[in-house]
Amino acid sequence: AESLAVGEKGLALNPNDTEFIGEYATRLALAGQWGKGSALLEEALARNPGKSGFDHAIIALSAYMQGQDEK
């Protein structure tokens, strides 16, 4: 919980760092906050489409975990 709180603070301090957003979003998703993590990852990818394929994999995993098979 503490690490996610630190991530939230970091996001508030620098909301334009797409690399940070992607890293924080990945941790949110893997901590079980699939919807919030996926939404942040999609935002990071929209702002920086050259990001890693790993981000797409986390979005796919998030969709799977939420039963969004069509996504």
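Glu-42 has a relative accessibility of 32%, so Glu-42 counts as partly exposed. The cut-offs explain the label: buried means under 20% and exposed means over 50%, with partly exposed in between. Keep in mind that this is a predicted model.

**A link across the chain**

What does the side chain of Glu-42 meet? Glu-42 and Lys-71 form a salt bridge through their side chains, at 2.4 Å from N to O. Glu-42 sits in helix H3, which covers residues 34-47, while Lys-71 belongs to the segment after helix H4 (53-65), so the pair ties together parts that are 29 residues apart in sequence. Lys-71 has a relative accessible area of 52%, so Lys-71 is exposed. In general, side chains of opposite charge can pair when their charged atoms come close.

**Bridges inside helices**

How many salt bridges does a search of the whole structure find? The search finds 4. The pair Glu-42 and Lys-71 is one of them. Two further pairs each lie within a helix.

Glu-23 and Arg-27 are both in helix H2, which runs over residues 18-30. They are 4 residues apart, about one turn of the helix. Their side chains meet in a salt bridge of 2.8 Å, N to O. Glu-23 is partly exposed, at 36% relative accessibility. Arg-27 is also partly exposed, at 47%.

Glu-43 and Arg-47 are both in helix H3. Here too the spacing is 4 residues, about one turn of the helix. Their side chains meet at 2.9 Å, N to O, in a salt bridge. Glu-43 has a relative accessible area of 34%, so Glu-43 is partly exposed. For Arg-47 the value is 37%, and Arg-47 counts as partly exposed.

| Salt bridge | Distance, N to O |
|---|---|
| Glu-23 and Arg-27 | 2.8 Å |
| Glu-42 and Lys-71 | 2.4 Å |
| Glu-43 and Arg-47 | 2.9 Å |

**The whole fold**

Now step back to the protein as a whole. Which elements build it: helices or strands? The protein has 4 helices and 0 strands. Along the sequence, the pattern reads α-α-α-α. The radius of gyration is 12 Å, close to the 11 Å that the globule rule gives for 71 residues, so the protein is as compact as a globular protein of that length. The C-alpha trace spans about 35 × 30 × 15 Å along its principal axes.

What share of the contacts with a separation of 6 or more joins residues 24 or more positions apart? The share is 44%.

**Surface and charge**

Of the 71 residues, 34% are buried. The protein exposes about 4300 Å². Carbon and sulfur atoms supply 56% of that area. The protein carries 6 positive and 10 negative charges.

**A glycine in a loop**

Where is Gly-32? Gly-32 is in the loop between H2 and H3. Its relative accessible area is 43%, so Gly-32 is partly exposed. Pro-49 is 17 residues away from Gly-32 along the chain. The C-alpha atoms of the two residues are separated by 25 Å.

**In short**

The predicted model shows a protein of 4 helices and 0 strands. Another, between Glu-42 and Lys-71, ties together parts that are 29 residues apart in sequence.

Terms used. Residues numbered from 1 in each chain as written. Predicted model: local features only at pLDDT ≥ 70, side-chain atom pairs only at ≥ 80, totals over all residues. Heavy atoms only, no water. Helix = DSSP H or I, 4+ residues; strand = E, 2+ residues; numbered from the N terminus. Rg over C-alpha atoms; globule rule 2.2 N^0.38 Å. Buried < 20%, exposed > 50% of the residue type's maximum accessible area, 1.4 Å probe, protein only. Contact = heavy atoms within 4.5 Å. Areas by Shrake-Rupley, 256 points an atom, 1.4 Å probe, with all protein chains shown as cover. Lys, Arg positive; Asp, Glu negative; His and termini not counted. Charge placed at Lys NZ, Arg CZ, Asp CG, Glu CD.
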